[in-house]
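Student: I am new to this structure and would like a close look at a single part of it. Could you walk me through it slowly?

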Amino acid sequence: MDTRARTRTKGSATESSSARKRSRSTTSTATPPTSSPSPVTDSVTAAPQLVEASTSSKRSRRTRGTSEPNPGSQNTATGEGESSQAKGKESESSRCQSSTPRPSSSGRPQRGAVPASSTAEIPPPANIEPPSSAGPSGASMERNQANNNGGDENEEDDESAAFSRNLAHASSTLHGLLRKLGALDDLMPGASLAHSRLKTILAGLRAEGDDTRQLEALSNLCEMLSIATEESLSTFSVDSFVPLLVGLLNAEHNPEIMLLAARALTHLADVLPSSCVAIVHYGAASCFCERLLTIEYIDLAEQSLQALEKLSQEHPVACLRPGGLMAVLSYLDFFATGVQRVAVTTAANMCRQLPPDVADMVVDCVPILTNLLTYQDSKLVEQACICLSRISESFAKSPERISMLCSHGLIEQAARLVSAESTMPLSGSTYTCMIRLLATCAAGSPDVSLTLLRLGVTKTIRDALSGSALIATTSNSPASMIRSSEQMFEMLNLVNELLPPLPDALTASFGIGIGMNSPVPVMSA
């Protein structure tokens, strides 16, 4: 009702203004013009008609807007009314511009010109919104599409939020369970609690003169390292702990501290192989060798032996130079069988890379290794064979060292092990090592060849070749250890070294290099 009243009031005001304009236009037309008639009169006459048309269109538009409660229809009517109003304004402004009088030559305006204020535009009502650039249908389509996209995004956000909540809940549940069981610090050393624990342990290790704190710190460190993994120790400060542990390894006044320090270094080298570089760098290998060369405490000696076995896998020369080979073999009989196997395995690791300047250290250990070939434990015998084979390969270019190697009964023990009458079962790789050992020694020393011929090695060779499945012709042939082409090659190489060289005239006639043996078959013994 208020809208209709305001509309009627504005309509009456518009009619009164139109009446006043008519009166002024009548007065102006009644005065005879002094010059030729101007097109301004037509525009002034047409102006009230345009105002009435625009007023009637506004009334009809407002009537339709108030009678129809539908918002969509109201927006449509508003858009149509505004478009018609804009068209009316454009036509009115164009006519006014066309009817504007041109200034006379004297510079004075012509009579009968209508002032600009009389043709001012009527402002549109405040409750009418400006028309949208896109039509009503385009706006509704954009709103629907935006609503659909927003719905899909909301669904995806809800799913991701639900997944994150479930994952966080599961993680918190697992952490809570581990805390209740008391295993969070042990299974996750990288956590904050484990980090603070390592700080406490490090502070205890640095407490010089306080054996109680150092023992407690060493016990906690050994417990942590015994159940740790390489991934969990990714943040472990090796350079902070290893120097302290090596220093405690020399604490002569307290054997318990030395034992726990050796155990911690062993666990660290086992679970974190990259730490072996720091352990060797800070001199732990020489400390372990000293504990083995002068055995005062058997537990400390065994722990030092296990630590050297870990270090010798990647750093054999660093363990060999401080006298490691003699250290692990000197008191072999004082240990149990399991510890003896660890000691001989460590010796085999050290013999893998033998530099020339350690030949004297190695020669001193040959009698012990040769004696190991008489043991009844097959593991000890096999590791001793590997040691002697590697030593012979490093001495191959020196006949003097080969003679020293064979001066302690090595050839006799090796020939016994490869014979068919041997009661010691050897693996295929160990059998190949012993045949290579005999061939290397025979090539380096003529005395070794004579010794092998006296021991009847030719019969061993014949039985091995005739019984091999690679060349056997009858099923009645005895079983042979030669089961691969590598073993066959080593056996034929031994045969070649046992045969005397051909005369120079014969080698020249056949085009064979001087000093090379002819590949003739082995004759029966």
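Predicted model: local features only at pLDDT ≥ 70, side-chain atom pairs only at ≥ 80, totals over all residues.

Student: In which helix is Leu225 found?

Tutor: Leu225 belongs to helix α7, which covers residues 211–226. Is Leu225 buried or exposed? Its relative accessibility is 3%, and since buried means under 20%, Leu225 counts as buried.

Next, look at what surrounds this side chain. Leaving aside residues up to four places away in sequence, Leu225 touches Leu233, Ala264, His267, Leu268 and Val271.

For contrast, turn to Phe334, in the loop between α14 (324–329) and α15 (337–350). Phe334 has 62% relative accessibility, and because exposed means over 50%, Phe334 counts as exposed. Together with Ile298 and Tyr331, Phe334 forms a nonpolar patch on the surface, and the accessible area of these residues together is about 300 Å².

Finally, here is a pair of helices to compare by eye. Two packed helices are described by the angle between their axes and the distance between the axes. Helix α17 (residues 378–394) packs with helix α20 (residues 428–444) at an angle of about 35 degrees, and their axes are 9 Å apart. The contact includes Cys385 and Leu388 of α17, and Cys433 and Leu437 of α20. The crossing of α17 past α20 is left-handed.

Key. Residues numbered from 1 in each chain as written. Heavy atoms only, no water. Patch = residues over 30% accessible without salt bridge, like charges linked within 9 Å, V, L, I, M, F, W, Y side chains within 5 Å. Areas by Shrake-Rupley, 256 points an atom, 1.4 Å probe, with all protein chains shown as cover. Salt bridge = Lys/Arg side-chain N within 4 Å of Asp/Glu carboxyl O. Helix = DSSP H or I, 4+ residues; strand = E, 2+ residues; numbered from the N terminus. Buried < 20%, exposed > 50% of the residue type's maximum accessible area, 1.4 Å probe, protein only. Contact = heavy atoms within 4.5 Å. Axes fitted to C-alpha atoms, helices over the stretch in contact; angles between N-to-C directions. Left-handed = near helix turned anticlockwise from the far one by under 90°.
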